[in-house]
Amino acid sequence: MSKNIEIATVGGGCFWCTEAVFEEVKGVENVVSGYMGGKVPGRPTYREVCSGLTGHAEVVQITFDANVISYQDILVIFMTTHDPTTLNRQGADRGTQYRSVIFYHNEDQKNIAEFVLNELSTYYDKPIVTEVSAAETFYEAEQEHQDFYKNNPDYGYCTFVIDPKLSKLRQLHSDKLKDA
């Protein structure tokens, strides 16, 4: 069967967390950490994005085979492995660079994103604040941010923040994992 390769771009706080989640999902071919959504010209650096002054969000760009996993399933996994009800914050990370956002690449993705947000809204006590915006230029993050969890599993942030997210992923979406 031939592959049906698509791109999804989402931001759910720190990109290390979101990247680690999607690296375990069946049908995901590649996950790249980066930045999107800012208004400052030129390639931003991690330090600039962390300042909160660029308008960029930390995001991951997910290359996936839609014959194996749907865009809708990608978004459901995304929405259930971070808190989409906190504005410009995930845990201790605060600022617009940590906002919950779905950047759609076409009208179908936009419609699916709006559908998923509407469907999942009844599962949360507070309103979902996830932004849905057209994809813009994606800037790949510096090399030290790629595969961060895979390369640093014992780093404090990884054990205290990412490990619980991965546990939640494995509990809620075990049928969608590469090793399932």
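Trainee: What is the handedness of the crossing of α3 and α4?
Mentor: First, a word on the ground rules: this is a predicted model, so to speak of local features we need pLDDT of at least 70, side-chain atom pairs count only at pLDDT 80 or more, and totals for chains, interfaces and linings use all residues. Residues are numbered from 1 along each chain as its sequence is written, and side-chain values use heavy atoms, leaving out hydrogens and water. A crossing is left-handed if the near helix is turned anticlockwise from the far one by less than a right angle, and right-handed if clockwise. For α3 and α4, the crossing is right-handed.

Trainee: At roughly what angle do the axes of α3 and α4 cross?
Mentor: Helices (H or I, at least four residues) and strands (E, at least two) are DSSP runs, numbered from the N terminus. Axes are lines fitted to C-alpha atoms, for helices over the stretch in contact, and angles run from 0 to 180 degrees between N-to-C directions. Angles under 35 degrees count as roughly parallel, over 145 as roughly antiparallel, 65 to 115 as roughly perpendicular and the rest as oblique, and α3 and α4 are therefore oblique to each other. Their axes come within 10 Å and cross at roughly 45 degrees.

Trainee: How many nonpolar residues does the contact of α3 with α4 have?
Mentor: Contact means heavy atoms within 4.5 Å, and it involves Tyr-71, Gln-72, Leu-75, Val-76 and Met-79 of α3 with Gln-109, Ile-112, Ala-113, Phe-115, Val-116, Leu-117 and Leu-120 of α4. Ala, Val, Leu, Ile, Met, Phe, Trp, Tyr, Cys and Pro count as nonpolar, Asp, Glu, Lys and Arg as charged, and the others, Gly among them, as polar. With no charged and 2 polar residues, the nonpolar count in the contact of α3 with α4 is 10.

Trainee: Which residues of α1 and α3 make their contact?
Mentor: The axes of helix α1 (residues 15-22) and helix α3 (residues 71-80) come within 11 Å and cross at roughly 130 degrees. That makes α1 oblique to α3, and their crossing is right-handed. The contact is made by Thr-18, Val-21 and Phe-22 of α1 together with, on α3, Ile-74, Ile-77 and Phe-78.

Trainee: How many charged residues does the contact of α1 with α6 have?
Mentor: α1 and helix α6 (residues 156-172) pack at an angle of about 40 degrees, with axes 10 Å apart, and are therefore oblique to each other. The contact joins Trp-16, Cys-17, Ala-20 and Val-21 of α1 to Tyr-157, Val-161, Ile-162, Lys-165, Leu-166 and Leu-169 of α6. By class, the contact of α1 with α6 has 9 nonpolar residues and no polar ones, while the charged count is 1.

Trainee: How many residues of α1 are buried?
Mentor: Buried means under 20% relative accessible area, exposed over 50%, and partly exposed in between (1.4 Å probe, protein chains only). The buried residues of α1 are Phe-15, Trp-16, Cys-17, Thr-18, Glu-19, Ala-20, Val-21 and Phe-22. α1 is largely enclosed by the rest of the structure, because the buried count is 8 of the 8.

Trainee: With which side chain does the side chain of Ser-100 make a polar contact?
Mentor: Ser-100 is in strand β6 (residues 100-104) and counts as buried at 3% relative accessibility. A polar contact is a pair of N or O atoms within 3.5 Å; within protein, one must be able to donate a hydrogen and the other to accept it, and residues adjacent in sequence count only if both atoms are side-chain atoms. At 2.7 Å, the partner of the Ser-100 side chain is that of Thr-130.

Trainee: What is the length of the polar contact between the side chains of Gln-61 and Thr-9?
Mentor: Gln-61 belongs to strand β3 (residues 57-65) and is buried, with a relative accessible area of 16%. The polar contact between the side chains of Gln-61 and Thr-9 is 2.8 Å.

Trainee: About what phi does Asp-147 have?
Mentor: Asp-147 lies in the loop between β8 (139-140) and α5 (148-151) and is partly exposed, with a relative accessible area of 26%. Although Asp-147 is not a glycine, its phi is positive, at about 55 degrees.
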